[in-house]
2 protein chains.
Amino acid sequence: MPKRMLLNAFSMNCVSHIQQGMWVRDDTRQLEYTQLDPWVELAKILEKGCFDALFLADVVGVYDTYLGGPETSIIHGMQIPANDPASLVPAMAHATENLGFAFTSSVLQTHPFSFARQVSTLDHLTKGRVGWNIVTSYLPNAGANFGLGGLPSHDDRYDLAEEYIDVTYKLWEGSWEDGAVLRDTDRGIYADPAKIHQINHVGKHFEVAGPHLSEPSPQRTPLLFQAGSSNRGRQFAAKHAECVFIVETRESLSRAENVISDIRSQTTSYGRRPEDVLFFQGVSPVVGGTEAEAKAKEKEYIEQFSTEGSLAHLSGSVGVDLGAIDLDEPLETIDSQAMRGFVKSLIESAPDKTRTFRDLIRTRLAGQFLTGAPEQIADALQDWQNLGVNGFNLVYSITPGTFVDFIDSVVPILQKRSVMQREYTPGPLRQKVFGDPKLPARHPGAAYRRG
Amino acid sequence: MPKRMLLNAFSMNCVSHIQQGMWVRDDTRQLEYTQLDPWVELAKILEKGCFDALFLADVVGVYDTYLGGPETSIIHGMQIPANDPASLVPAMAHATENLGFAFTSSVLQTHPFSFARQVSTLDHLTKGRVGWNIVTSYLPNAGANFGLGGLPSHDDRYDLAEEYIDVTYKLWEGSWEDGAVLRDTDRGIYADPAKIHQINHVGKHFEVAGPHLSEPSPQRTPLLFQAGSSNRGRQFAAKHAECVFIVETRESLSRAENVISDIRSQTTSYGRRPEDVLFFQGVSPVVGGTEAEAKAKEKEYIEQFSTEGSLAHLSGSVGVDLGAIDLDEPLETIDSQAMRGFVKSLIESAPDKTRTFRDLIRTRLAGQFLTGAPEQIADALQDWQNLGVNGFNLVYSITPGTFVDFIDSVVPILQKRSVMQREYTPGPLRQKVFGDPKLPARHPGAAYRRG
C-alpha cells in the first residue's frame with residue numbers, strides 16, 4: 001500500500017505571491033484578490049480535486065531591502081498590498097465541507113488572547129478545518145509596524161514564539177475541560193463553572209488571566225504548520241509543528257543529514273514521535289498535455305518573470321540587498337569574496353561564470369518549476385515522496401489555472417496509483433491527516449489539559 | 001417627506017446576549033451560534049427585510065462582578081462563550097449584496113496595525129459594507145486578559161482610544177493616496193510608490209511605521225459606531241462617531257438637555273455638523289397579530305427570563321455586585337443609603353417599596369420590551385423618531401424569530417408610510433446611510449489625507 005500523498009494549494013491574499021510578473025496575464029485572477037468570488041471558486045476547485053488544504057502565506061511588513069526601499073515591491077505588487085488571510089476563510093468554508101484552511105499569523109501581529117479566540121471561532125465555523133502556520137516574521141518593517149523599532153533578533157523572536165504558543169495552548173487545551181459544556185436546556189445550565197479555568201499566565205512578554213472566551217472547538221488546537229529552517233526553527237518545529245513546509249532540492253534531501261531526518265530525530269527529545277511531523281515540499285507544477293506543451297508553457301512563464309520583482313522578494317527573504325550587484329555584470333567579474341553568505345554561495349554555485357547575474361537569477365527562478373506531461377509530474381512527486389516528503393505545497397503560476405490543470409490531469413493519475421485520496425476522511429482537518437481530531441497526548445500542547 | 005428610519009439587528013456571536021434565559025427555547029437558534037448556517041440565514045432574512053445592518057456586540061472578558069466571580073455568567077451562557085464577531089462577516093457578506101455589518105472591537109484587544117488591515121480586508125471583501133463599533137471595554141477581566149492588570153481608568157482608556165483611532169485613520173486615509181493604485185497590466189506597474197507613504201506614528205501607546213499593507217478599500221475608514229454615554233464618551237462620539245447607539249427612555253430624550261442634543265451640539269467644536277451623527281435607540285420588539293397576542297408572548301418571555309443571568313449581566317455592566325442584595329427582600333427594608341449610585345437610584349425610583357428586589361429587577365427587564373400589534377410598534381418607533389432618534393438597534397428575544405416577525409409584520413407598515421426604505425441605495429454602507437462612501441472632509445479622520 002503506497003503512502004498517502006498530501007496536497008495543499010499555496011496562495012496568499014495579495015496580487016503577486018511567489019512568481020513575480022504573472023499578475024498582468026489575462027488567464028489569472030490575481031487582480032481579483034480583494035473579492036470573495038475567486039476565493040470561493042478556488043476552494044470549490046480544490047475540494048473537487050481532493051486537496052487537503054489551502055495554505056495561505058502572509059507578511060505583516062513590506063519588503064524594503066532591495067535598493068534600500070519598498071519601491072520595487074510596490075511597483076510589482078510584490079506582496080504589497082497584502083490583505084489579512086484569515087478573513088478569507090469563513091466564506092470559503094461555507095462553500096465547502098472538507099477542505100482545510102491553514103493560514104499564517106505572526107507572533108508579532110496579534111495578542112495571543114485575541115488570536116486564540118479568533119482561531120477557536122474559525123475552528124468552530126469551519127467544523128474543525130483550520131490550521132495555523134506559526135511564523136516569527138523576518139522583515140524589519142514588520143517589527144517597525146508593531147512598535148519594536150527594528151525586528152527583534154532571531155532568537156528573541158523564537159523565545160517570544162515559545163511563550164506565545166504556550167499562552168494559546170493554555171487557552172485552547174487547558175481552560176475548558178472536556179465535559180464543561182452541558183447545554184442543558186431542561187435545567188437552563190449552559191456550562192459547568194467548575195470545569196472552566198483561568199489560565200493566569202505570567203511570562204516575559206504576556207500576562208493573560210483567562211478563562212478562554214470560546215468553548216472547545218472541534219480540534220481545540222488548530223493543526224500546527226511551521227516553516228523555520230534555521231537551527232532554532234528546526235528545534236521549534238520538532239517540539240511543536242505537525243506539518244512543516246520545506247523548500248529543498250533533491251540533492252539536499254538525498255543527504256543522510258537533511259532537514260527531515262534532523263527534525264524527526266529531534267522530536268523524541270520533546271516526547272514526540274518522528275511520525276508526528278509531516279513534511280510538505282514546495283513545488284511549482286507546469287503541466288502540459290505533452291512534455292513539449294509543458295515546456296512551451298514554462299518558457300512563456302519564464303519570459304514573463306519580473307526579475308526586479310523577484311529580486312525584491314529574494315532580497316527581503318535573505319536580508320541582503322541584491323540591487324547592489326549590476327544585473328548585467330558577468331559573474332566572473334563580481335567580487336564574490338566581498339559578498340555575504342547567501343550571495344557568495346549563489347555566485348560560487350553557478351556552473352558558468354561567463355553568464356551575467358541576471359542570467360543566474362532567472363535560471364534560479366526557472367529552476368523552481370516542475371514541468372512535464374501529467375505522468376512525468378506524478379512520477380516526480382513520487383520521487384520526492386521516496387526522499388521522505390509527505391506532501392506538497394503547490395505554488396501557482398496562474399490562479400486558479402495552475403491548480404485546475406493539476407487537478408484535471410495529475411490528480412487522476414495519483415489517484416489511480418492509489419497515492420492520493422479519492423474521497424475525504426470525515427471529521428476535522430487533524431483527523432483527516434493524522435486520524436485524530438485532537439493533539440496527541442504526547443504533544444507539548446496536551447500537557448496543559450486538565451480534568 | 002418623512003425622515004428615513006434606519007434599522008439594525010443587534011446580535012452577538014454567543015449563546016445569550018441581552019435577554020438571559022431564552023437560549024433554552026426550541027424556537028431560537030442561539031445554541032447554533034458556532035455554525036455558519038444560522039448566521040448566513042439571518043443575513044439573508046435581514047437583507048430581504050431591507051435592514052441597514054447587522055450590528056454585532058462583543059466583549060473580551062467575562063462578567064465576574066456578580067457574587068464576585070464568573071460562575072453565574074458561565075451557568076447561564078451569559079456572554080461566555082463569546083466568539084469573535086468579525087469572523088462571521090465574510091460568509092454573511094458572500095450571501096448578501098447590500099446588508100451592512102458593524103462589528104465591535106475594543107482598543108484593548110488588537111494592535112491597531114493589524115486591526116486596520118483586517119478592517120480594510122473586510123471592507124474590500126464586502127464591497128464596502130463594514131462598520132466598526134469602537135469600544136474601550138468596561139470589564140476588569142478584559143484588562144487582565146491583555147496584561148493590563150486590571151482595567152485602565154476610564155479616562156486612560158479614552159486616551160488610548162484617541163491614539164488608537166488616530167493610528168487607524170493614518171493607515172486608512174493617509175497611507176495610500178487616491179490614484180496610487182494603477183493596475184497597469186501593459187507596463188506591469190501595480191502601484192505608484194510615490195503615492196504610498198509610511199505613517200511613522202510615534203505616540204504614547206503605539207509606534208507604527210507603515211505603509212498600510214492594504215490598498216484603499218471602498219470606504220477606506222469603516223462606518224464608525226460608538227456607544228459611550230459618559231461625558232468623555234459623548235465627547236469622543238461628537239468627534240469621531242457617525243452612528244451612536246443609545247439606550248434611553250422616552251423621558252430622558254424628552255428633556256431639552258438629552259444625549260442627542262448634547263452630542264450634536266458638541267460636534268461643531270470638532271469642525272463637524274450636528275447631522276453628521278445618527279442615533280440608534282435599542283428596542284426589544286415583541287410583535288403579535290393583535291395586542292393581546294403580543295402581550296401573551298411578552299408574558300411568556302418574562303416568565304422565561306433568568307433573573308440570575310440578568311443580574312450577572314447588569315452587575316458587570318454597572319460595576320456593582322447586585323448579588324449583595326437579597327433578591328427576596330422588600331425594597332423598603334434595603335438600606336439604599338448604603339448602596340452605591342446605580343443601585344441606590346434603582347431602588348429609590350421604584351414606585352412600590354413593598355415589592356422585592358427580584359420584582360424590581362424583573363419589572364426593569366420587562367420594561368425593555370416594546371410590545372404590541374404591528375401598527376402599534378410602527379407608531380411607537382415613529383414616536384421615538386420624533387424625539388430625534390434616527391434608527392433602531394433591534395434586540396432579539398429569539399433569533400431569528402424576533403427579526404422575522406418584525407420584518408413580516410412591521411416593516412411593510414413602515415414602508416407603506418414611506419418611513420423605511422423599500423430597496424437599497426447602491427454602493428458602500430456609508431453611501432447608503434450618508435450619501436457618500438468616504439468620510440466627509442470635515443471629519444477628523446479626513447485630516448490625514450494626502451495628495
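This briefing covers the cysteines and the salt bridges of the structure above. The model is predicted: local features need pLDDT of at least 70, side-chain atom pairs count only at pLDDT 80 or more, and totals for chains, interfaces and linings use all residues. Residues are numbered from 1 along each chain as its sequence is written, chains are lettered from A in the order in which they are written, and side-chain values use heavy atoms, with hydrogens and water left out.

**Cysteines**
- Over all chains, the search finds zero disulfides, a disulfide being a pair of cysteine sulfur atoms within 2.5 Å.
- The closest cysteine sulfur to that of B:C243 belongs to B:C50, at 18 Å, which is too far for a bond.
- B:C243 is buried at 1% relative accessible area, and B:C14 is buried at 2% (buried is under 20%, exposed over 50%, partly exposed in between; 1.4 Å probe, protein chains only).

**Salt bridges**
- The count over all chains is 44 salt bridges, each a side-chain nitrogen of Lys or Arg within 4 Å of a carboxyl oxygen of Asp or Glu.
- A:D184 pairs with A:R187 at 2.7 Å, N to O; A:D184 is buried at 18%, whereas A:R187 is exposed at 60%.
- A:K344 and A:E348 form a salt bridge at 4.0 Å.
- Both A:K344 and A:E348 lie in helix α12 (residues 341-349) of chain A, four residues apart, helices being DSSP runs of H or I with at least four residues, numbered from the N terminus.
- B:D379 and B:R417 form a salt bridge at 2.8 Å.
- This pair links distant parts of chain B, with B:D379 in helix α14 and B:R417 in the loop between α15 and α16, 38 residues apart.
- A salt-bridge network links A:R25, A:D27 and A:E300.

Conventions: Helix = DSSP H or I, 4+ residues; strand = E, 2+ residues; numbered from the N terminus.
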